[in-house]
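Keep the sequence and the 3D view open beside you.

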Amino acid sequence: MRVFLIAGEASGDRLGAALMAGLKALREDVEFTGVGGPMMQAEGLNSLFPMDELSVMGLSEILPKYRQLTARIKQTAKAAIEARPDVMITIDSPDFCLRVARRVKRAADIRTVHYVAPSVWAWRSGRARKMAQVIDHVLALLPFEPPLMHAAGMECDFVGHPVVSEPIADDTQIAAMRARHGLGQAPVLLTLPGSRRSEVTRLAPIFRETLNRVLTNRPDTRVVVPTTANLAALMPDLIADWPGDPVLLAPDQPDFTVDKRAAFKTAQGALAASGTVSLELAANDTPMVIAYDMAPLSRLIISRMLKVDTVTLVNLVSETRAVPEFIGKACRAERIAPALAQMLDHPQAQYDAMSLTMERLGRSGEPPGLRAARAVLDRL
């Protein structure tokens, strides 16, 4: 069995590696070709070119690389057509993956699967109908997505979210992290202002003022700020004047992965930018307040296109509004701070919603990678 896979960023590489492991567990004769990162390569993929070439976001970043990306689209499609796989699986990164799928479908009758449904439940519902022109089958991370994909004309299976399989720190790892960073037994407030430069620079002053208001009455609380490799050089200056004697966790630190995991588990609560981080927090039973803002024009456009009254995935999956969120104009310290203080004083209100979210995302079932592999094979 020949499988052609394409992933364009780190999150897709993780999904792809778990899917490949699942396929190998179910089929002994499976062979892989395509594009992927180090995790997929460890599972047996010989990538056509470095996946990092595709990890660009935003108009200003894409334009200088437009010709190179176009060439990679043509190269990848040609390789898929020549490989004649039993199935081509594209993983997230729709701007690249769906362009490849369109070229492949024009030239060959190759079955196409896309892993991660477009968030048409939130905005731009037409994306699903456009995807259906080139995709036969969708693997969905969220339980309410299959009916939306079916309505657009695609097969779809809910396979679970990878967050349910992520390791949780144990007491020994938590104690070691606290010792390494001088936290002692202090209460920890996890603070997560985003993973992109634009959002971090916009949210950092708002988060600082929020912390100033809340930690005045909690002088023993320590602030822990995990960050990403692309922001590691920027963050020290941004958080230098934050209260709570902040501890920065960065990927260049030897124990970063374990320390980040331990910080999520030991924190009394979190102030976080909107995104899938809310699911990581829920997996660790860490109550949260979500806040996010964007440029005025983007705020105006998105506010007119949004189809839901909450963007926090814990709220959406649990069908509650347990997690307070402050989006757009509401993302102001004077509004966020009271909710954050209330959450720290009375965290119990979120535990049921977080537990329900994890169950609905597949915590009690097969690992998502194996479920995804089974779904691919069952529909071949």
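**Exercise 1: a charged pair**

R27 is partly exposed, because its relative accessibility is 31%. The model is predicted.

Task: Find the salt bridge of R27 with D29, and decide how D29 counts: buried, partly exposed or exposed.

Solution. Step one: the R27 and D29 side chains form a salt bridge, with N to O at 2.9 Å. Step two: D29 has a relative accessibility of 38%, so D29 counts as partly exposed.

**Exercise 2: R332 and D293**

Task: Which parts of the chain does the pair R332 and D293 tie together?

Solution. Step one: the closest N and O atoms of the R332–D293 salt bridge are 3.4 Å apart. Step two: R332 sits in the loop between strand 12 (325–327) and helix 15 (333–345), and D293 in the loop between strand 11 (288–292) and helix 13 (296–305), so the bridge ties together parts 39 residues apart in sequence. Step three: R332 is partly exposed because its relative accessibility is 29%. D293 is at 5%, so D293 counts as buried.

**Exercise 3: R360 and E319**

Solution. Step one: R360 and E319 form a salt bridge, the closest N and O atoms lying 2.8 Å apart. R360, at 30%, counts as partly exposed.

**Exercise 4: the wider count**

Task: How many salt bridges does the count give?

Solution. The count is 17 salt bridges. Separately, R111, E155, D157 and R379 are joined in a salt-bridge network.

Notes. Residues numbered from 1 in each chain as written. Predicted model: local features only at pLDDT ≥ 70, side-chain atom pairs only at ≥ 80, totals over all residues. Heavy atoms only, no water. Salt bridge = Lys/Arg side-chain N within 4 Å of Asp/Glu carboxyl O. Buried < 20%, exposed > 50% of the residue type's maximum accessible area, 1.4 Å probe, protein only. Helix = DSSP H or I, 4+ residues; strand = E, 2+ residues; numbered from the N terminus.
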